[in-house]
Amino acid sequence: MTIQDTVVEILAEKALLKPCDVKLDFSISDLGLDSLGIVEIIFALEEQFNIEIDINFNNVNSSDFDISTVQEIIKSIEKILKNKNGWL
């Protein structure tokens with residue numbers, strides 16, 4: 001399973017959607033998720049990929065981890081994994 005597939009699956013599960021209904025250009029609000037949903041997604045992503053996501057929940061727009069769309073979440077995960085594994 002690819003990073004994209006895994007992220008989409010996690011987002012779909014938290015949003016109570018089918019993975020095929022999650023589009024890459026969807027925002028968190030398009031998924032119907034609130035702030036608690038965002039926290040749950042971050043924890044699920046950290047656990048799934050064995051990473052730490054540095055995000056300020058008081059001001060998510062100032063974070064290096066971009067949650068503006070599903071695609072940006074995937075890119076942020078890929079960036080963390082590349083840095084973690086030394087693929088700079």
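A salt bridge here is a side-chain nitrogen of Lys or Arg within 4 Å of a carboxyl oxygen of Asp or Glu. Keep that cut-off in mind for the tour. The model is predicted.

**Stop 1: the salt bridge.** Select Glu-72 and Lys-75. Their closest N and O atoms are 3.5 Å apart, and the two residues form a salt bridge. The structure holds 1 salt bridge. Now look along the helix. Glu-72 and Lys-75 are 3 residues apart in helix α3, so about one helical turn separates them. Glu-72 is partly exposed, at 23% relative accessibility. Lys-75 is also partly exposed, with a relative accessible area of 44%.

**Stop 2: further along α3.** Select Ile-80, in helix α3, which covers residues 70-84. Which residues does Ile-80 contact, leaving aside neighbours within four places in sequence? They are Ile-51, Glu-52, Ile-53 and Phe-65. Draw a distance from Ile-80 to Ile-53.

**Stop 3: a charged residue without a partner.** Move to Glu-46, in helix α2. Glu-46 is buried, yet has no salt bridge. The nearest side chain of opposite charge is Lys-84, 11 Å away. Show the surroundings of Glu-46. Not counting residues up to four places away in sequence, Glu-46 touches Ile-51, Glu-52 and Ile-53.

**Stop 4: α1 against α2.** Select residues 3-15 for helix α1 and residues 35-49 for helix α2. How far apart are the axes of the two helices? The axes lie 10 Å apart, and the helices pack at an angle of about 145 degrees. The crossing of α1 and α2 is right-handed. Show side chains at the contact. From α1, pick Ile-3, Thr-6, Val-7, Ile-10, Leu-11 and Lys-14. From α2, pick Glu-40, Ile-41, Ala-44, Leu-45, Gln-48 and Phe-49. By class, this contact has 8 nonpolar, 2 polar and 2 charged residues.

**Stop 5: two positive phi values.** Select Leu-16, in the loop between α1 and α2. Phi of Leu-16 is near 60 degrees, a positive value in a residue other than glycine. Is Leu-16 buried or exposed? Leu-16 is exposed, with a relative accessible area of 77%. Finish at Asn-50, in the loop between α2 and α3. Phi of Asn-50 is positive, near 55 degrees, and this residue is not glycine. Asn-50 counts as exposed, at 60% relative accessibility.

Methods: Residues numbered from 1 in each chain as written. Predicted model: local features only at pLDDT ≥ 70, side-chain atom pairs only at ≥ 80, totals over all residues. Heavy atoms only, no water. Axes fitted to C-alpha atoms, helices over the stretch in contact; angles between N-to-C directions. Helix = DSSP H or I, 4+ residues; strand = E, 2+ residues; numbered from the N terminus. Left-handed = near helix turned anticlockwise from the far one by under 90°. Contact = heavy atoms within 4.5 Å. Nonpolar A, V, L, I, M, F, W, Y, C, P; charged D, E, K, R; others polar. Buried < 20%, exposed > 50% of the residue type's maximum accessible area, 1.4 Å probe, protein only. Lys, Arg positive; Asp, Glu negative; His and termini not counted.
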